[in-house]
Amino acid sequence: PPIAGLALDISGLRKQFGGVLALDGVDLSVPAGSCCAIVGPNGSGKTTLLNLASGYYVPDAGSVKIGGVEALGSSAQKIAARGVGRTFQTPRLIADLTALDNVMLGAYTRERAGLLATALRLPSARAEARRLRQEALGFLHFVGVADRADVEAGEIPHGQQRLIEIARAMMGGARLILLDEPAAGLSMSELERLERLIMRICGLGATIVIVEHHLDLVANVASDVTVLDRGTVLAAGKPAMVFNDERVMRAYMGE
Ligand code: ADP
């Protein structure tokens, strides 16, 4: 496959914020090229897990291996350069740049930023800039929002901004993609497109970890699901099995 996915192996992960134990010894193994979902009630630690895996936070204990290599102690920038891309619940695009320019910026992750900037200022770099632009447009096509290429990101609905973040991650050469609630705010037809998109990205070989409340989407795209509840793993396994687990249903009902 054209993308050599990175496995994610988390063990004994623990993170405390003041008096709040957000994660209390979480294990999670995601094989390269698979799609794994993390679900659970609000406040159960899902986003914290993504923040730890991508180096935004440093855990109090535990291990995070990316492609078999320990990632703890690496900066978020270094982890991104190793091929970890992500999207955010509240998209983090540059609002007054176009969708296309935002995706082009993804190239900074994989090429040394200073080098790229210098290269793009040279007259001989025109062709390179054109090539990057074409590549970025290709990724916008891939995620289904090419018609927004020239629109400022801030003018685009959040659901589509998250798709643009996926394109930006791919532009950055991401081989492990962490998606934080990608379905939020999408219409039914956009949801179906997102489903197909996630399956296509995995089909290319990339690894996907998706935090999502939309359980139908999870059941359709994820081969495995891990349920978090108050910072611990409540259940893990195939979606059909996990979603029929009585303890899981109780956690969702808030009993
Ligand atoms: P989820 O994504 O499942 O809704 P989070 O990972 O966002 O859960 O949060 C888990 C717990 O950790 C919550 O109690 C939340 O308030 C707390 N928390 C998360 N991030 C921080 C932070 N940066 N500072 C303080 N508390 C935080």
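Author: Start with burial. This is a predicted model. Of the 255 residues of the protein chain, 41% count as buried. In soluble globular proteins, nonpolar side chains tend to be buried together.

Now the core itself. The largest nonpolar core holds 70 residues. Which of them have the most contacts inside it? They are V103, L140, A167, I177, I208 and I210.

Where does the core lie? Look at the domains. The assignment gives domain 1 (1-83 + 175-255) and domain 2 (94-172). Both domains give residues to this core, so the core lies between them.

Zoom in on I210. Set aside its neighbours within four places in sequence. I210 is then in contact with C35, A37, L179, P182, I198 and A222. Find these residues in the structure, and you can trace the surroundings of I210 by eye.

In the contact region, 10 residues of domain 1 touch 11 residues of domain 2. Take the side that belongs to domain 1. Helices α2 (76-81) and α8 (188-203) each supply at least two of its residues. Of the elements there, α8 gives the most, with 3 residues.

Step back to the whole chain. The protein chain has 11 helices and 10 strands. Its radius of gyration is 18 Å, close to the 18 Å that the globule rule gives for 255 residues, so the chain is as compact as a globular protein of that length. The C-alpha trace spans about 65 × 40 × 35 Å along its principal axes. Contacts also reach across the sequence. Take those with a separation of 6 or more: residues 24 or more positions apart account for 71% of them.

Finish with a pair of strands. Strand β1 (residues 8-17) and strand β2 (residues 20-30) pair in the antiparallel sense over 8 bridges. The hairpin of β1 and β2 has 2 residues between the strands. There, G18 takes a positive phi near 55°.

Technical notes: Residues are numbered from 1 along each chain as its sequence is written. This is a predicted model: local features need pLDDT of at least 70, side-chain atom pairs count only at pLDDT 80 or more; totals for chains, interfaces and linings use all residues. A nonpolar core is a set of buried Ala, Val, Leu, Ile, Met, Phe, Trp, Tyr and Cys residues joined through C-beta atoms within 7 Å. A residue is buried if 20 or more other C-beta atoms lie within 10 Å of its own, exposed if 12 or fewer, and partly exposed in between; C-beta atoms are placed from the backbone. Domain bounds come from an automatic or database domain assignment. Two residues are in contact if their C-beta atoms, placed from the backbone, lie within 7 Å. Helices (H or I, at least four residues) and strands (E, at least two) are DSSP runs, numbered from the N terminus. The radius of gyration is taken over C-alpha atoms; the globule rule is 2.2 Å times the number of residues to the power 0.38. Two strands pair if DSSP finds at least two bridges between them.
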